[in-house]
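Hi everyone, thanks for coming. Please bring up the model on your screens, and we'll walk through it together.

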Amino acid sequence: MIQELQLRVLPEVAGEDEALTAFVSKTLKINAQEIRHIEVVQRSIDARQRTVYFNLKVLVFIREDFVESPIPLPEFPNVSNAQEVIVIGAGPAGLFAALQLILSGFKPVLLERGKDVSKRPFDLKEVNIHHNVNEDSNYCFGEGGAGTYSDGKLYTRSKKRGNVRQILELLVGFGASKDILVEAHPHIGTNKLPKIVRKIREKIVEMGGEVHFEKRVTDFLLNGNSVQGVVTKDGDTFHAKNVILATGHSARDIFELLHQKGIELELKPIAVGVRVEHRQSLIDSIQYSCDVRSPYLPPSPYSIVKQINGRGVYSFCMCPGGVIAACATKPEEIVTNGWSSSKRARPTANSGIVVELRPEDFKPFAKHGPLAAMEFQKSIEHKAWIAGGRTQKAPAQKLADFVDGKISADLPRTSYTPGITSAALQEVLPDFVYQSLRKGFQEFDRSMKGYLTNDAVVHAPETRTSSPVCIPRDPISLQHIRIQGLYPCGEGAGYAGGIVSAAMDGIRSALACANSNA
């Protein structure tokens, strides 16, 4: 017999098989020897009260053996001789679009401006150690996209846009832990993602698809209002009547190219701010109401939203036990983001803290039309580069000093490898952003007592929260509203935010493409 139970248990019960078996046997009023196995199918943490609990959904195998079922990959057909579809970008949207194209009987020709996942770390080292930014290979560009080096967070609220379980099971099939099917807020970890990304690419190639690295697209071939192919920076031409555009939120040259060719774009409001780093032990003590975190609890995240003068000020891409990364995509700019390994074992926690922007905030850049938000981003990033000493050192302040408007005389150690420089961040950020953050941090401290401390460091700026444009598409065909055969998708086109939602949108776009060419 298999019985399903919803349980609310202490961490030490959830974390020890023997203790959990004893708890279940008492709940069911049966002998513990009758329980052959307890399979946890859902797990979440409830830390709203002083006592922290795990909420578990379990299957109890009573006098019945448990046989673990592997998560198989679908049966991918060989598409070597099938109709070709160009996919631009090898991030989550592009990779999952390519997989779906194969399942639909089409041959993906995947073009990635950056390098493969094994070569990317050499260019990241150049940024971190020597402050040299490769415009095509960095934290944002290269196989796997920005998601490869952003913790691998898999939580999404976009559940109406596709099948979340399908994405998670595909990731498990390519080597991710089955825990991502169980956790309420799953993640893979930056240390494990490269291997998974490589296996996806190998499957695409094995089944007859093509993957080309260091192929930055510099032009679209059009015949009237129909796409015919693309041209790359090195002069290569790829012909196809269908192109899935999955370039990610930082492909500014693609946005500029579309604008120059008269292909419709729309300004999309973004959020900008800073990245704040605390000691993980402090965040644990605040969130878990404890002096020392239990070994049965993971490093605590936090998620917080406040309304300041009608604007949202909120945490973004919070990384427990993580590292702040240098995410510039061109020289003469500073961009920060964060990542964590699978164990989230670093001693610091970091999070973007950003301010919601409105269309009117971009009026000083109105001459750039739909690229106004992008130019707004660029202006902040360049100011940060100057304030940081014209290197990849980030301008920074202690958190309480930031709120008080004081330049910090000294700064704590940081996980940001290029280093930090004491600066007045109110000179880097627009005044309304700075003032909203100041008041926001004061409100944060009312909800998370102890958050506002000079032991924490504010790094500037956090600007790449989402795409600054939307590439409009027909809601049914998912093709561009005017250019036939062009399928804007994923985060760069304004239709996703994060690994899972981007992957789902890639699959949707591939299915739409297949249906249009059936």
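This is a predicted model: local features need pLDDT of at least 70, side-chain atom pairs count only at pLDDT 80 or more; totals for chains, interfaces and linings use all residues.

**Salt bridges and a pocket**

Is R113 buried or exposed? R113 counts as buried, because its relative accessibility is 12% and the cut-off for buried is under 20%. D253, at 23%, is partly exposed.

Now find E381 and R464, whose side chains meet in a salt bridge at 2.8 Å, N to O. E381 belongs to helix 9 and R464 to the loop between strand 20 and strand 21, so this bridge ties together parts 83 residues apart in sequence. E381 is buried, at 0% relative accessible area, and R464 is buried too, at 4%. Back to R113 and D253 for a moment: shared partners join them with E135, D136 and R216 into one salt-bridge network. How many salt bridges does the structure hold? There are 38.

Let's finish with the second largest pocket, which holds about 1,000 Å³ of space. It is lined by 37 residues, and the closest to its centre are V40, V41, Q42, L181 and V182. Which element gives the largest share of that lining? Strand 2 does, with 8 residues. By type, the lining residues split into 19 nonpolar, 8 polar and 10 charged.

Key:
Residues are numbered from 1 along each chain as its sequence is written. Side-chain values use heavy atoms; hydrogens and water are left out. On a 1 Å grid over the protein atoms alone, a cavity is a set of points where a 1.4 Å probe fits but cannot get out, and a pocket is an open set with protein on both sides within 12 Å along at least five of seven lines; lining residues have an atom within 4 Å of a point. Grid points are joined across faces, edges and corners, and a volume is the space filled by probe spheres set on the points. Helices (H or I, at least four residues) and strands (E, at least two) are DSSP runs, numbered from the N terminus. Ala, Val, Leu, Ile, Met, Phe, Trp, Tyr, Cys and Pro count as nonpolar, Asp, Glu, Lys and Arg as charged, and the others, Gly among them, as polar. A salt bridge is a side-chain nitrogen of Lys or Arg within 4 Å of a carboxyl oxygen of Asp or Glu. Buried means under 20% relative accessible area, exposed over 50%, partly exposed in between (1.4 Å probe, protein chains only).
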